[in-house]
Amino acid sequence: MFKKLFLLLFLPASFVLASGFSIYEQGSRATAMGGAFIARADDPSAVFYNPAGISQLSGWQISVGTTAIQPKFSFTGPSTMDSKLYTEAQKNVFFPTHLYLSYSVKPWLTAGFGFYSPFGLATEWGTKEHPWVGRLLATRTELQTFYYNPVIAAKVTDNLSVAAGVSLVQANVEMEKDVFFTPRNLFGHSKLKANTTGLGVNLGLRYTLFKRLHLGAVYRSSVTLNFDDGEARFTFPITTDPIINNEVSSLFPAKTKAKSKLVLPATFGLGIAYEATTNLSFEFDYVYMGWHTYDRLKVTFADPVGGEKETVSPRNYSDSFSLRFGLEYRLDQHFTLRAGYLWDYHAVPSAYVEPTLPENDRHNYTIGLGYRLKSWSVDVAYQILLQDDRNIKQSVNDFDGKYTGLANLYGLTVGYAF
Amino acid sequence: MKKIIRSSAFLIILLIIATACSLYEPKIKSTILSPTEKMFFSRIVALGDNIIAGYQSAALTEKHQRKSFVALLAKQGDATDFQQPYIAYPGLGSESYAGYGILKLKYLDNPETPQTVVPDPVIYAVPFADYPDFDPLNMPFISEEVMLWALPYNNLAIPGIYVDDILKATTKLRSRSKSGLIDVILRNPLPDPYGYKTAFQQAKLYQPSLILCWIGMYDILSYAQYNAIYNVSEPPTPKEDFAKYYAELMDSLKSTGAAVVVANIPDILDMPYFNTVPGVVIDTVTNTPALDDNGNQIPLTGVTEGDLVLLPAKGFIKRGYGLPASFPNSNGEPLPDDVILDKNEQEIVSNLIDDYNAAIDSICLLRKIPVVDMYSFFKEITNTFHTAGLTVSANFITGGFYSLDGIHPTDLGHALIANEWLRVINSSFRVSIPPVNVIDAIDSIQYSDSLIVRK
């Protein structure tokens with residue numbers, strides 16, 4: 001009986017948020033069109049959406065911007081305690097930023113560079129003063145990724161261009177939750193912190209038919225992030241009994257090394273765009289994400305924590321996809337109106353939904369405006385993300401209830417052509 | 001120019017949409033009781049034996065009585081004037097004959113044996129001598145207010161009683177079980193004109209709206225457990241007698257007009273009391289099984305394969321019982337029979353639990369009395385139970401469910417048990433009392449238990 005000693009109390013929770021936790025909003029013009037931009041790809045944000053697209057750009061071009069993401073999530077439950085207990089996640093705003101450069105080296109050769117954050121976000125539930133009912137699952141989780149992505153695009157023929165690039169990926173992760181030391185009835189807090197770098201590649205292809213119909217394809221490889229040099233900290237309240245304090249400090253190291261691995265999923269996208277008139281154009285995209293790479297979260301500690309050297313929690317994400325539709329209408333030489341819709345299919349199977357990623361199918365409506373004056377361009381976008389309510393029954397954590405969520409996203413990108 | 005105006009208008013609309021999108025917040029953010037539901041719980045009474053009384057770690061004490069599942073249910077149902085026979089620290093229980101109260105965990109791993117591979121916990125009983133104000137014979141209660149409470153207690157469950165004692169026992173001497181706590185909890189004789197009243201009669205005097213009754217476990221436990229005072233194991237209540245007594249009891253409870261909820265009997269053989277001490281010699285240095293020259297484990301003398309060694313055997317083994325003569329600290333005696341449950345006895349226990357539970361089911365079905373399936377719930381604990389990131393198992397000390405006596409649930413266990421009862425109460429009587437928030441409940445336990453001084 002004592003062999004299993006010291007409890008299975010430490011099962012870490014996962015990373016973050018969004019069809020899985022991807023952020024596809026990496027340029028305000030594309031965002032305003034539901035992210036349907038693979039076939040069009042005719043501004044510097046093409047480095048992200050489809051690098052082959054930069055071969056359309058002349059001279060030097062630069063664009064920089066950000067998307068303010070304001071998610072709102074709530075959980076009602078757990079049904080085993082109070083099926084009406086309502087907890088709203090802490091409100092935070094995130095600003096994943098993007099920066100793109102392109103330079104036409106030769107008429108057939110264009111070089112580009114992108115800096116963007118295609119995976120990330122954060123969730124936070126409860127506070128230290130008012131811990132929430134899911135405190136043993138997750139209290140705060142944050143993941144940031146930064147891609148540094150040089151690309152080269154070449155025009156093979158007048159109609160066909162191809163591109164390739166590499167990405168240096170930098171990632172930071174922080175996971176916090178409470179732990180319960182059963183024999184002494186004590187709640188402690190655990191904090192895992194790690195950062196690392198990884199490498200990925202991206203490929204793009206763009207083909208134009210009859211001058212009005214554009215086809216695009218893009219591939220972004222998976223990126224393996226080995227968090228080999230992470231740090232885990234455990235803090236417990238001090239009690240009046242020095243024996244208990246000693247037990248706690250010998251079982252839960254105040255600080256120890258922690259290791260984990262995360263594979264960011266590969267992405268594959270196809271797009272078709274059509275210029276109906278000189279002022280009106282449409283695009284339809286299909287984007288597939290290989291979320292199956294996130295099958296489990298394993299953390300290995302240098303010193304045993306609660307008697308355990310590693311913890312494994314199953315994640316079992318499945319591949320997901322989104323359907324994106326966007327249109328653009330040019331009002332005059334300065335103003336352009338844009339709108340779009342996208343549907344995001346969930347990556348987390350029902351039994352594995354937990355508070356770090358309260359995810360489900362999402363309907364997104366986008367709208368935006370572009371303004372152009374001489375060499376300058378300013379694009380704004382607004383996106384409302386409406387997530388279907390998700391009623392979880394028989395979750396692996398026995399934490400059943402209803403997750404609801406929405407997010408407001410505001411994009412602003414400024415561009416300049418030399 | 002027109003177009004610019006149009007665009008600006010567009011932008012304004014856009015901003016309106018942006019600010020308007022917010023999450024729909026429900027008006028009701030946690031379950032609220034209706035007046036009928038409060039009425040239903042207003043006169044709650046509990047009858048039965050050990051667990052329902054709030055007995056844990058070998059004693060009945062206020063600290064844990066206040067966290068018992070009956071107390072939790074009363075709180076969830078907003079019962080006012082809820083009173084229990086709160087016993088002052090260190091409480092009354094199975095060690096009281098020798099002058100001790102509740103069990104405490106001193107060390108999770110004994111510091112005097114630093115080489116142990118498997119932790120070696122140290123448990124001790126709190127002596128009455130440490131609490132000179134505690135008067136176990138005349139005034140064991142926390143206050144005169146509790147002792148002189150003018151109404152019957154809402155919790156009239158008495159640790160260590162048998163099924164028929166609820167209807168028949170008025171004092172320890174006039175009971176079959178001879179439980180010492182009968183006199184404490186029933187306070188007989190009551191002031192005139194009441195005189196001697198049984199637990200049931202006191203419950204009836206209270207005109208209860210809801211009766212919770214959990215009885216029968218001790219009828220079997222008294223047979224299976226080691227008894228320090230009476231060396232002869234009393235034969236357990238025969239199944240025919242149990243069924244007869246139980247049916248009488250249910251008829252009586254029904255006759256009060258109150259809503260009645262009962263529970264069946266858990267499989268006591270799953271409890272750590274019967275599963276913690278191995279039947280083999282343990283190396284005192286590593287606290288793992290000692291091996292002979294051929295690498296085999298060495299059985300304790302007096303123990304045959306398939307026997308369950310009871311928790312109190314630990315003390316005997318320390319004194320040299322059960323160790324083969326080749327061990328230097330052996331006293332040459334086999335492990336006493338009283339701390340061993342052989343296969344035959346285990347079968348008697350298992351069969352009785354099945355028989356009692358079959359009787360409870362059929363008696364209650366006939367009388368339309370809902371039964372909380374504690375047998376199955378305790379089995380779930382044995383197979384490891386998860387809720388909201390919390391893991392609870394039947395492991396001794398570390399499992400979180402069983403207290404230090406290896407039989408009775410902890411405060412955490414009571415919170416989980418409360419929710420099982422509430423589920424049955426809610427579905428049987430068409431009320432919706434919110435279940436206990438187990439996470440908040442254990443958060444409050446940590447303050448009562450470990451005296452946190454700094455967060």
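Me: What does the secondary structure of chain B come to?
Reply: It comes to 17 helices and 13 strands, where helices (H or I, at least four residues) and strands (E, at least two) are DSSP runs numbered from the N terminus. This is a predicted model, in which local features need pLDDT of at least 70 and side-chain atom pairs count only at pLDDT 80 or more, while totals for chains, interfaces and linings use all residues. Residues are numbered from 1 along each chain as its sequence is written, and chains are lettered from A and ligands numbered from 1 in the order in which they are written.

Me: Why is chain A called as compact as a globular protein of its length?
Reply: Its radius of gyration, taken over C-alpha atoms, is set against the globule rule, which is 2.2 Å times the number of residues to the power 0.38. For 418 residues that rule gives 22 Å, and the value for chain A is 23 Å, which is close, so the description holds. The chain has 3 helices and 21 strands, and its C-alpha atoms fill a box of roughly 80 × 40 × 30 Å along the principal axes.

Me: Why is B:Y246 called buried?
Reply: A residue is buried if 20 or more other C-beta atoms lie within 10 Å of its own, exposed if 12 or fewer, and partly exposed in between, with C-beta atoms placed from the backbone. B:Y246 has 25 such atoms within 10 Å, and therefore counts as buried. This residue belongs to helix α11 (residues 239-255) of chain B, and its C-alpha atom is separated by 7.5 Å from that of B:D164, 82 residues apart along the chain.

Me: Which residues does B:Y246 contact beyond its neighbours within four places in sequence?
Reply: Two residues are in contact if their C-beta atoms, placed from the backbone, lie within 7 Å. By that criterion B:Y246 is in contact with B:V163, B:A359, B:I360 and B:I363.

Me: What makes A:N185 and B:A388 stand out in their backbone, and are they buried or exposed?
Reply: Each has a positive phi in a residue other than glycine, near 50° for A:N185 and near 45° for B:A388. A:N185 lies in the loop between β7 (160-181) and β8 (186-209) of chain A, and B:A388 in the loop between β11 (385-387) and β12 (390-392) of chain B. With 21 C-beta neighbours inside 10 Å, A:N185 counts as buried, and B:A388, with 24, does so too.

Me: What makes β1 and β10 of chain B edge strands?
Reply: Two strands pair if DSSP finds at least two bridges between them. The open sheet has 4 strands in the order β1-β6-β7-β10 with parallel pairing. Here β1 (44-48) and β10 (371-372) of chain B each have a single partner strand, so one side of each is left without a neighbour in the sheet.

Me: How do you know that β1(B) is paired with β6(B)?
Reply: They are joined by 5 bridges and run parallel, against the requirement of at least two bridges. B:V45 stands opposite B:I211 in β6(B). Helix α16 (residues 411-429) of chain B packs on this sheet, touching β6, β7 (259-263) and β10, and its direction makes about 140° with that of β7(B); such axes are lines fitted to C-alpha atoms, for helices over the stretch in contact, with angles from 0 to 180 degrees between N-to-C directions.

Me: What makes a nonpolar core, and which residues have the most contacts inside the largest one?
Reply: A nonpolar core is a set of buried Ala, Val, Leu, Ile, Met, Phe, Trp, Tyr and Cys residues joined through C-beta atoms within 7 Å. The largest has 226 residues, and those with the most contacts inside it are B:L47, B:I211, B:L212, B:L310, B:W421 and B:V438. Among the residues that B:L47 touches are B:L156, B:F200 and B:I211.
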